[in-house]
Structures are given as structure tokens and as C-alpha cells.
Amino acid sequence: MRNLYSKNYLLLLICLAFSAAAFAQTGTLTGKILDDKRLELPGATVRITGTSQGTAADVNGNYKINLQPGTYTLLAQFIGYLPLSKQVTIKAGETTSLDFLLQAQSQSLNEIVVIGYGSAKRQDVTGSVATVTSKDFQKGLITTPEQLIAGKVAGVSVISNGGAPGAGSTIRIRGGASVYGSNDPLIVIDGVPVSNDGIAGAANPLNTINPNDIESFTILKDASAAAIYGNRASNGVILITTKKGQSGKPQINFSTQFSVSKLTKEYPVLTPDEFRTYVNANDKTSNGQYKSQLGAANTNWQKEIYQTSISTDNNLSVSGSAGKLPYRVSVGYTKQNGILKTSDLERYTGSLNLSPSLFNDHLKVNFNVKGTEVKQRFADQGAIGSAVSFNPTVPVYSGDDTKFGGYYEYLDPQSATGLKQNVPRNPLAVLELRDDHSNVYRAIASLGLDYRLHFFPDLHANVNIAYDGSRGLGSQSVPDYAAISQNTFTFNNVNYNGYYHTYKQTNENKLFEGFLSYNKDFKGISSHLDAVGGYSIQDFKTLNYNNPSFSSSGVLNPQSNPTFPLGTERYLLTSFYGRVNFVYHDKYILTGTIRNDYSTKFAPEDRSGVFPSGAFAWRINQEEFLKNSTVVSNLKLRLEYGKTGNQYGIGNYDYLGNYAVSTATAQYQLGNQFYYLNRPNAYYPGRTWETSATSNAAVDFGFLNDRITGSVDVYYRKTSRLLASISQPALTNFSNVIVGNIGNMQDKGIEMNINAQIIKKSDVSWTANFNVNYNKNEITNLSAIAGTSSSGLLTGGVSGGTGTTVQVNAVGSPKFSYYTYQQVYGPDGKPLDGVFADRNADGIVNENDLYINKNPNPKVFMGFSSDVNYKKWNAGFVARASLGNYIYNNIASYTGIQNYIINPIGAINNGSATVLQSGLIGNVDKDLLSDYWIENASFLRMDNAHIGYNFGKIIKGAGSLIISGNVQNVFIITKYRGADPEISSGIDNNFYPRPRTYVLGLNLSF
């Protein structure tokens, strides 16, 4: 036994000696993993090909591996970047250094881009698809996700809806394909198509999504790319992919921003001195009743309602893997104060992503859950108009706290309320005496399963299950002493003041999808086939709680008492879809797509809609005559055609005849008794999908090893069965209008995108992007009956007249064109008051002389961006330009006339300073419809200028720090006389101005 023990002991010593010797003979491989801007990539992985041996880079991008002597091939990888292989020889006892410089995928044809129900290599895409990743996003105080890509994509216009916190944006892809239906693109978040419907209490439904959690945007612009989404894709599709977990050690990232926002420009109104001079010069009354209302104060009402606001945005994320379970967890807090007093937003967000691979990577799981709470207070934007109009020679406060909260108001002792009627109210009181706040909660959860069949590995079975639920509730209240709440309602011959109302709404969006995907490489002929086929059902449900209103003392307003305290809106969308993409010899690509949608928004016989598309691409650079070219690195021709649909902008049950209970002011009298009646609502049983057919021809190009890349697209889109509001014939007893299919419209355009790596060196790099879009829109038919014509559909209501509209949708003109009288000018170049051209020469100037004049849609829209990196410094800017768009200046048309300032009702109001140049009195109703008020709104705006510095290590081996500063809304160049020319509706009235924002940011990674 002792001998056996001795032998075993000796054997162990020998093994240990050999092991020590072997260990002593290993070599060490170290290095850094950097991106193409030479910034560290924490969490990037390095592994030896053909083995499981590898490691992850630390927070500073450093890695270290001990290896036996020999030659190895190593593969470095990081999400969003192309993998890079390098060969290295390791010598015993020596340390070898090897760095990896990874190239962002967006700069390579091998980039994997997200498309509907899958992904594809950029080189194999046949449709018009644009991708913007997180490294190229807009910088600064970004509250809603779409602002990240403003100015970044050709043919995509992102116009913020104003400067209010969380206001969101109007997104238009190639101008939008509808008139009265929605022009908003379909938004898909991690595979979940979300509803375009709003959420009660939310300024914009997208402000419930934390922009910091987003990894990339993919925009499907043409029908070939978007047809896989069928009935909702006429206005394009935006695919949002959020950040996911990464394998390796936990990586902690903390970012914070502190920002200051200021008003950039006030509406041009008369100063107090100009106002006094004007009133004194134009008061023609014998008793000087207008002069007597002038005071000694000098009040700038716009300065009273605006403020310098302070905001902050903070985000913390942890990503890594627990065993073989990659995860990412994030939380965020945003507090944004508006420059208009009493407006603010507070947002709390949290997200979790789990993305494990099971059964030897045969089953990939992607689980996402996002939760948001948004608390918001809304300012009454009517205060903006009041600030333009209120007498600047009176003080803010009256000195009498017993009346109207102590705020100065126009008084009239003869009035029952003690207030002068039909005049503006104190702007500051309008804001401070109104409490309008909301709480919105939203949760989006999705589970994606991708199973690669063990017995047939080219075939994948996919299941997506998702739930998007939101709840919005809020209240609006005004005290009984506020001037804006006098005589709110009358009940039993008693007048009640003040106002209190609550609201609540819940939304549910449930999704189930199952689809098969097949991918097969035919290496012998350098070809590839992928196919997708599946089924989807989506259930949308909204509950509206119809609460009555009360006076501030708690008395019920009987006219607000709802007949039904709960209203339910619901519709189902079921779909079958398929796509085949075949790449032959790496040169020729064919794609075919079809989707059959079935929507309960239409009558049963009209619910089914089929939306096909086809595309062909030719990779010319793969031909022998270009294959070895040192100049042309990419040249691809794309030809596409397809149909898409639109069902948004219509009611869920409008195909059914239904009745509504009459209101309290529309009762029927029998004898001495009044009765509520059931009145028929208008309905349209034959309504169906609005359909857009799009043809697209394009060239994608790359030169000098893709140092210069870009594309040129030419498109033609025809929208048929336009959804439009139709007036009902008289005596039908139906309500006034219904949305129906009545016409056609077309868009022709060209768009171009160019990216250039102007300088690409180890210490210095300079990239630039330019994109431009030209779009021509024309309505070609507005009649549901063949062979008949329509004079046009009036729209675009404005302030200053009852039912006055300044826009029209008419055959032969762009949508929302201005419809006005032609102003006649005198020898001095000033407009002649009340004098308009008799365009039809019949001796009378009337509505027959109205003409179509300009429109708010830009002819050309451009985006510019540039980034420079020098060692650890980076700087850049983003700018946009809009050419050929016009705006109706409703502030000037309403207040910039003498009869508004010297008001015939006996009051004086301030107004637009344009009155000093125009001299218009405004004696006739036609003045509001003068083309004098239509102004050129072309502009050049620098959205963002930023600078940053990467300190690298700040805590030895534990953390890195980046500090950045940027300015948003840097400047704007325009001829427009108002405060801001960028208003998507084309009518400037009470617009919440966009501030200039200064942001200091800090990003700390461990």
C-alpha cells in the first residue's frame, strides 16, 4: 500500500511539474477593441475561431488572453459592428499586442438590416430601406424617439409639433399618401405594430418611449419594402429596435444631461410706445373712448408668460450575462420644464431585455418589457394669443385681490359678470388659474421565439406574442373667481362659475403572430434563398370613461351629463403574409411580397384587402467589368412596384347605421314638454381601403472602397379611393359629414442620399451626410361618381371669422392648397384695404374669385450633418432646409388690422406689428381671405451643434468618462415674419414656440 501511495505521489509531482512547465511556456495576447472613431468598445468579445475560448473587453476596451505557443485566428465582435478576423502568432513567455478596429455595420454592404419579419444583408435588399443607428442619432435633450432621426434620412420629414414638453412630431415619409386619412407612418417597436391612436393625457403616444433605450431605426419607404405590412403601410413603416443584452461581464452605463431652454423669438407685436402712438392717431371718436383706455404701464405680455426652463434627463443601464442568459436592464428619469409657464413633463421609465439562446443555439428567445409613467401639466396655449393681443399699457395685477384673483382684466360694470365680453383675458391668469394635468401609464411586453428545427436547420419557426397597454387619466379645473370661467353654465336659472372635469381612458393592443422562415445558401452557384410566410392577429380596444363636468363648487353641469358613462371602441385585424427573396450568383435579386388583411373597420363584404409587391435588383459591381474596380465598390440598380393600404382616420363602426341621443340643446318640444330623441348618424356601408400603388427606380452606389456611398431614388405613387370627409345632402336628417372613398391623388419625387468619409486616419476622421427630397403632389380626382367633378373640399379653419377656411383640396392642385382672394396693391406697394382682383371679370368680387395660391408642402427638403473626430475630441452638427413651402400668418391676419386694435366693440387690443406696414383697416370679411397673409416659409435651420471629449480611464481599470455639450435650435434663416416658419399644418396661430436649448451631458461607463 505504501509503495502504491509513493508511486501515485510521484506521478502527481511529475504531472504538476509538466503543468508548470507548460504554463511557463504560454504566451500572453493583449490589445484594445475600438470602433472606427477609435473609441473603446466595452463588452466587445474576442474568441479563437473553432474553439469556445475567448474573453470580453473591459470598460476601456482592453482584453487579455493566455495562449499556448502557436498561430491562431481570432474573431472580434460587437453588436452593431462588423466582425473582424486577424491572425496572430504567440511565442512562449512573450506578450503580443493585437488591436482590433471594428467598422460600424452601416458602412458596409454586409450590414444586417432589420426588415419586416426578419433581417437581410444590405447588399440583398431590393426595396428603399434606410437605417439610422444610435451612433448617428441627434444629440441633446430628446424627449420623444422620432426626434433622434430628424434630418438624417432622405424623404423623411420630422417636424416637431412645437416646443411643449413631450409634444412629439409630425412624421411624413415622401409627403404622406392621404388627405383626410392619417398620413402617419406605421410604427413597429421590437416587432410590435403600435396603434396610431393617441392616449388620453399624453401629448404624444411616443413620449412614453425612452429614446435612450433605442438601438436603431429602419425606415421602409417604398411599397416593395413596406408591403409586408399591407393595410397600414401606405405612409411608410418605421421599425424601432431597442437595445439588448450582451454576453460577458456586467457593463454599467450612466448618463445624465442638464439643460437650459430659452425663447428664441417673440411674435412681432406693437411695443407699448408704438401702441400708444397708434391708438392716439386712430381714435376718431369725439369723446376719445379708445385713448382713455391707455395706461401708464409698459408690459411685455410675452415676457410674462414665458420663462427660462431647466430640465434634466438621467439614465442607468446594466447589461451582461448571467451564465448563458444575456440581459439588459435600464431605468430612466426625465424632468422637462416648458418655456411656457405651467407646462412640464416628468417621466419614469424601466425596461428589461432577456435574449438567451437554448438547445445549442437552436432556440433564440427575445423577451422585452418596457414600463413608463408620464406625469404632465399642460399649459393653456390660448395664453399665447392673449399675450399678442392684451393691452401692453396696463399692469399684470389690478391691486384688488377680491376680483378675478387680483389679475388685471377688462371690466364692464354693465355686464352681469363685471367683465367686458369678446376681448382677450389676462394671459398670465389664463395660465396660472388653470390646472390641467395628467398621469399616463404604459407597458409594452413582447416575447419572440425563433426555433431552428433540429431535423431541418434551414427552416425556422417563429412566434411573436405582445401586449401594449396604456391608461391615461387626468383632470382640468379652473376656480370660480377666474375671468375665464364666468357663467360656465346655467341651471335652474342660476349661473355657475368655475370648472372641474376628470377623464380616463384605457387602451389595449394584443398581438399574436406565427410565421415560418426558410434560409438556404447555394454555395456552388453563390446564390441564396429566403422565404417568410405567416399569420397575424391584432386586437385593438379602447375604453373611454365619459365623465360629466362640474362647477368649481361641485354642481353638476346637466348639459355635460353623458348618456353612456362608458364608451367602447374595438377592432380586429387578421392577416396572412408571405415574402420570397432569391439572390442568384450574388448579382441578381428578386423579391416578391403579398399580404391579405381583414379589418373589422369595414363592412364584412369589404374587409379583405390584398397588397402585393415585386422588386428586382442588379448588383452591377459584381459583373466582371467592375468586379475588380478600385473606384466603384458598389453599384446596384433597383426596380420596385407594389401596393399598400391605409385604414387610419376612420371610425370603427361607420359602416353601420346607428343612432345617437340628442344633446340638451337639441330636444323636441311636444306641448310644454321637451324630449330627447334618437338621431341617425351618417354612415358609409361601402367604404373600403385607401390604396397606394408605388413604382420606384433607384441606384445605390459606393466609391473608393465605400468612402463615398449613397443612393438616388425616383418614385411615382398613386393613391386611389382617397378617404375624405363628405358632406351629407340636406334633409337626410344625418349628421353633417362622413369619411368615404371619393378620389385619387398622385406624388412624383426624387430623393438622394450621400455619405462621405472625407478623412479616415488613426487620429482624425471626418464624415458628412447630405440628403435631399423633391416631391410634387397633385389631387387628380375628388368624385365618387365616374364622369363628374368636384369644386373641392374646404379645410383649414382660422381665427378671426366664424367658419372661415383658407385651404382647399381640389383637383389639379396639391393637398391643403391655400384658397384666397388676390390682394390689389396701391402705387406705394401697400395693400389697398378691401380691394381684391375680379379674377373672372364678371364685375363682382365674390367667392367665384377665390383662387388656389401656394401650399404648405415643401417642394424640396434637405438634411445636412457632419462629424469630426480628433483623438479624444468629437464635434458636429445637424441642419435642415425646407424650400418652396408657404404659411398662412393667422396671427397677423387676425390681429394686424386696425379694426382689431381699435375694436368696434369699444375695446383696444394689441396686435401684429404688420399693421404698421400694411395700414389695413379690415372693414370687409374678405380681408381674412387675402393672399397678403400667405408668406414664404422656406428656411434653413441648424438643429444641433455638439462637441464632446472622451477622458478614457478616470478610475483605474474601472470606468471611463465622456463629457459633451450641445446646442439645439441653434439658428434659423427665413423670410417669414412670424416667430417660426416650421408649422406642419401651414397655419400659424397660438403655436408653442420651439426654444433654444443648451445641454451639458455626462456619460460614465464601468
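Reply: This is a predicted model, and it holds 10 cavities of 30 Å³ or more. Let's go into the second largest cavity, which has about 560 Å³ of space. Its lining is made of 35 residues. To find the middle of this cavity on your screen, pick out Leu 141, Gln 147, Ser 160, Gln 968 and Arg 994, the lining residues that lie nearest its centre.

At least two lining residues come from each of β12 (156-160), β19 (309-322), β20 (325-337), β55 and β56 (959-974).

The patch covers about 680 Å² and is built from Ile 252, Phe 254, Leu 316, Val 331, Phe 951, Ile 954, Ile 955, Leu 1002 and Phe 1006. Which strand gives the most to the nonpolar patch? That is β55, with 3 residues. Ile 955 is one of the patch residues and sits in β55. Its relative accessible area is 40%, so Ile 955 is partly exposed.

Asp 943 pairs with Arg 880 in a salt bridge, and the closest N and O atoms are 2.5 Å apart. Asp 943 belongs to β55 while Arg 880 belongs to β52 (residues 873-883), so this pair ties together parts that are 63 residues apart in sequence. Are these two partners buried or exposed? Asp 943 has a relative accessible area of 12%, so this residue is buried, and Arg 880 counts as buried because its relative accessibility is 4%. In general terms, side chains of opposite charge can pair when their charged atoms come close.

That pair belongs to a total count of 28 salt bridges. Glu 751 and Lys 221 give another one, with 2.8 Å between the closest N and O atoms. Here the chain is bridged over 530 residues, from Glu 751 in strand β43 (residues 744-760) to Lys 221 in the loop between β16 (214-220) and α2 (223-226). Glu 751 is buried at 2% relative accessibility, and Lys 221 is buried too, at 11%.

For a local pairing, go to helix α3 (residues 272-282), where Arg 276 and Asp 273 lie 3 residues apart, about one turn of the helix. Their side chains form a salt bridge at 3.2 Å, N to O. The two partners fall into separate classes: Arg 276 counts as buried at 17% relative accessibility, whereas Asp 273 counts as exposed at 54%.

Of its 45 lining residues, Gly 175, Asn 855, Pro 856, Asn 857 and Pro 858 are the closest to its centre. Two or more lining residues come from each of β12, β13 (169-173), β44 (764-781), β51 (860-870) and β53 (886-889). β44 provides the largest share, 6 residues. This pocket lining divides into 19 polar, 18 nonpolar and 8 charged residues.

Methods. Residues are numbered from 1 along each chain as its sequence is written. This is a predicted model: local features need pLDDT of at least 70, side-chain atom pairs count only at pLDDT 80 or more; totals for chains, interfaces and linings use all residues. Side-chain values use heavy atoms; hydrogens and water are left out. Patches are made of residues with over 30% relative accessible area and no salt bridge: like charges are joined within 9 Å, nonpolar side chains (Val, Leu, Ile, Met, Phe, Trp, Tyr) within 5 Å. Accessible areas come from the Shrake-Rupley method with a 1.4 Å probe; for residues, only the protein chains shown count as cover. A salt bridge is a side-chain nitrogen of Lys or Arg within 4 Å of a carboxyl oxygen of Asp or Glu. Helices (H or I, at least four residues) and strands (E, at least two) are DSSP runs, numbered from the N terminus. Buried means under 20% relative accessible area, exposed over 50%, partly exposed in between (1.4 Å probe, protein chains only). On a 1 Å grid over the protein atoms alone, a cavity is a set of points where a 1.4 Å probe fits but cannot get out, and a pocket is an open set with protein on both sides within 12 Å along at least five of seven lines; lining residues have an atom within 4 Å of a point. Grid points are joined across faces, edges and corners, and a volume is the space filled by probe spheres set on the points. Ala, Val, Leu, Ile, Met, Phe, Trp, Tyr, Cys and Pro count as nonpolar, Asp, Glu, Lys and Arg as charged, and the others, Gly among them, as polar.
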